[in-house]
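Subject: Handover of the two-chain model

Hello,

Here is the structure I promised to pass on. My notes follow below it; please read them with the model open.

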Amino acid sequence: MLTRQLSIATPIFVLIYVIQEAVVSQFRLPGGGFSILMIFALTWAVLSETEVAAVIGFAAGFLMDLSQSAGGPFGQWTLIMLMAGYAISYIGYGDDNVRANATGIIFFVVVANLFVEIAYVATGALLGVSVGSFTQVLITLFGMSIWALLVSPILLPVFTRLHALVFDSRSAL
Amino acid sequence: MRNGGRARLLLVILMVTSLFLITLDLRGVKVIDGFKQGSQTIMSPFQRAGSVVLTPVKNFFSDVTHLGRTRNQIEKLEAENANLKQRLINRKNADAQLKQLKSILDLAGTAGYKVVNAKVISNGSSQSFSQTITIDSGANAGIKKNMTVLSQYGIAGVVKDVYPSSALIQLASDPSFRIGARIAGSQQIGILTSRGTRSASLQLLDNSTTVKEGDVLLSRGSIANRPYVPGVPLGYVTGVDNSAGAVAQTATVRYYTNFSTLGVVAVVVSGSTANPGDALVPVKPRVTPIPTVTVFVTPSPSPTK
């Protein structure tokens with residue numbers, strides 16, 4: 001079972017990573033843009049059990065660290081996404097108010113996206129990563145949240161179907 | 001919670017792994033660099049393909065973004081026939097890159113820099129609050145870490161990481177970008193610190209000197225021309241902070257380079273033997289008087305029969 005899940009999930013993660021790096025990163029979107037990989041990982045984390053969500057977060061964070069545009073030390077995104085994946089699943093998993101409707105998942109993903117970025121800024125400050133002026137950070141955080149809010153509803157059906165394909169659940173929305 | 005203990009154990013193991021990775025990276029272990037290098041080597045063909053395929057889409061979005069500013073131009077273009085407009089859109093990208101390249105070569109030629117030209121194949125994600133681009137030339141073309149990168153107007157950034165056939169450029173607009181600056185003419189020196197946008201902050205080093213609006217800033221240069229060659233135009237002063245009690249005067253600077261429209265850049269692989277001084281200061285546009293033609297008409301006498 002685990003082998004089957006891994007063999008399907010790995011190419012999906014790699015494909016999303018390639019789309020992020022080769023397509024989404026081509027555009028310098030106003031307000032900081034969005035990370036399709038982050039939205040993907042957070043969506044899957046909402047739909048998964050805590051231990052699976054932690055592994056999903058770890059894998060997504062590792063890929064984000066591999067990205068050339070990752071500013072901080074290698075492992076920073078891995079740690080943050082791991083924690084985010086676990087936390088979002090811990091709060092949302094088993095709560096049908098969240099998982100049973102698309103609005104709940106989108107809300108969770110957007111809020112988690114914002115908290116992940118705040119965590120990045122906070123840990124970046126501890127690790128000596130420059131993130132710009134306070135105003136600039138606020139604008140970027142706001143812009144990223146708006147982008148996540150716009151993009152998540154479009155991507156949600158695809159991501160939930162992929163999740164159902166891998167984990168053989170009936171969670172496709 | 002079901003399997004709560006197992007999940008927590010897994011979380012702890014993964015956290016320790018993440019912290020282990022951070023520690024290794026901060027200690028400068030080469031294995032981590034190898035991961036990134038390998039990933040970038042695999043990704044650069046995809047980025048190149050993405051750049052080629054998505055250029056028309058990017059141009060479209062760029063046009064939409066600048067809609068307000070170029071309304072008059074768009075209105076004129078709308079008047080033209082569809083065929084010519086289509087051809088214009090197709091050629092626009094190539095022409096813009098050619099123009100950028102010509103300006104870069106003029107700039108580099110005036111200063112005597114030896115440069116390697118490269119196309120921008122990816123704009124880095126802003127998720128990490130950093131501002132970077134990826135170019136399609138790397139170590140194979142002689143590019144090394146910490147080399148100055150030029151745009152058609154002046155500084156574009158500095159080479160942050162080099163891969164065999166691509167390189168990561170830290171833009172001058174990146175919040176962590178710092179450069180020693182010199183004011184053209186007065187030769188006062190200071191430190192230019194980016195703010196994450198096209199504007200930057202200049203801190204003069206000498207409290208007895210002054211700066212005024214319109215002053216042009218050039219790079220001061222580094223030892224052995226790395227990371228910065230001297231004499232590269234940086235920007236111009238748009239505002240001066242004259243607050244009382246400040247140790248040294250500070251000013252707001254606007255970069256010459258528009259970082260959102262970079263299509264072609266040049267990496268300075270070898271600086272000039274002599275400091276170019278103020279030779280690269282951009283020429284201010286001159287106002288050309290429009291000649292007025294006055295026509296004197298003398299009424300001819302009424303025709304006679």
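Helix 4 of chain A is mostly covered, with 15 of its 17 residues buried. Buried means that 20 or more other C-beta atoms lie within 10 Å of the residue's own; 12 or fewer means exposed, anything in between is partly exposed, and C-beta atoms are placed from the backbone. Helix 4 covers residues 76-92 and reaches 24 Å from its first C-alpha to its last, close to the 24 Å expected at 1.5 Å a residue. The expected span is 1.5 Å times one less than the number of residues. Helices are DSSP runs of H or I with at least four residues, strands are runs of E with at least two, and both are numbered from the N terminus.

A word on conventions. This is a predicted model, in which local features need pLDDT of at least 70, side-chain atom pairs count only at pLDDT 80 or more, and totals for chains, interfaces and linings use all residues. Residues are numbered from 1 along each chain as its sequence is written, while chains are lettered from A and ligands numbered from 1 in the order in which they are written.

Chain A overall

Chain A has seven helices and zero strands. Its pattern along the sequence is α-α-α-α-α-α-α. Of its 173 residues, 52% are buried. Take the contacts between residues at least 6 apart in sequence: 67% of them join residues at least 24 apart. Two residues are in contact if their C-beta atoms, placed from the backbone, lie within 7 Å.

One residue to look at is A:Phe62, in helix 3 (residues 50-66) of chain A. A:Phe62 counts as buried because it has 22 C-beta neighbours inside 10 Å. A:Leu82 is 20 residues away along the chain, and the two C-alpha atoms are separated by 9.3 Å.

Helix 6 of chain A

Helix 6 of chain A runs over residues 102-127. Its 26 residues should span 38 Å at 1.5 Å a residue, and its end C-alpha atoms are 36 Å apart, which agrees. Its buried residues include A:Ile105, A:Phe108, A:Val109, A:Ala112, A:Asn113 and A:Val116. Just after the helix, A:Gly128 takes a positive phi of about 80 degrees.

Helix 2 and its two partners

Helix 2 of chain A packs against helix 6 of chain A at an angle of about 125 degrees, with the axes 9 Å apart. That makes the pair oblique. Under 35 degrees counts as roughly parallel, over 145 as roughly antiparallel, 65 to 115 as roughly perpendicular, and the rest as oblique. Axes are lines fitted to C-alpha atoms, for helices over the stretch in contact, and angles run from 0 to 180 degrees between N-to-C directions. Helix 2 gives A:Met38, A:Ile39, A:Leu42, A:Thr43 and A:Val46 to the contact; helix 6 gives A:Ile105, A:Phe108, A:Val109, A:Ala112, A:Asn113 and A:Val116. By class, that is nine nonpolar, two polar and no charged residues. Ala, Val, Leu, Ile, Met, Phe, Trp, Tyr, Cys and Pro count as nonpolar, Asp, Glu, Lys and Arg as charged, and the others, Gly among them, as polar.

Helix 2 (residues 36-47) of chain A also packs against helix 7 (residues 134-167) of chain A, at about 55 degrees and with the axes 9 Å apart. Helix 2 and helix 7 of chain A are therefore oblique to each other. Residues in this contact include A:Phe40 and A:Trp44 of helix 2 and A:Leu155 and A:Phe159 of helix 7. The classes here are nine nonpolar, four polar and no charged residues.

Chain B has four helices and twelve strands. Of its 305 residues, 37% count as buried.

The contact takes 46 residues from chain B and 39 residues from chain A. On the chain B side, the elements giving two or more residues are helix 1 (4-26), helix 2 (30-65), strand 1 (114-123) and strand 2 (132-135). Helix 2 of chain B gives the largest share, 14 residues. By class, the chain B side has 19 nonpolar, 21 polar and six charged residues.

Finally, B:Met15 lies in helix 1 of chain B. It counts as partly exposed because it has 17 C-beta neighbours inside 10 Å. B:Met15 touches A:Leu79 and A:Leu82, leaving aside residues up to four places away in sequence.

Best wishes
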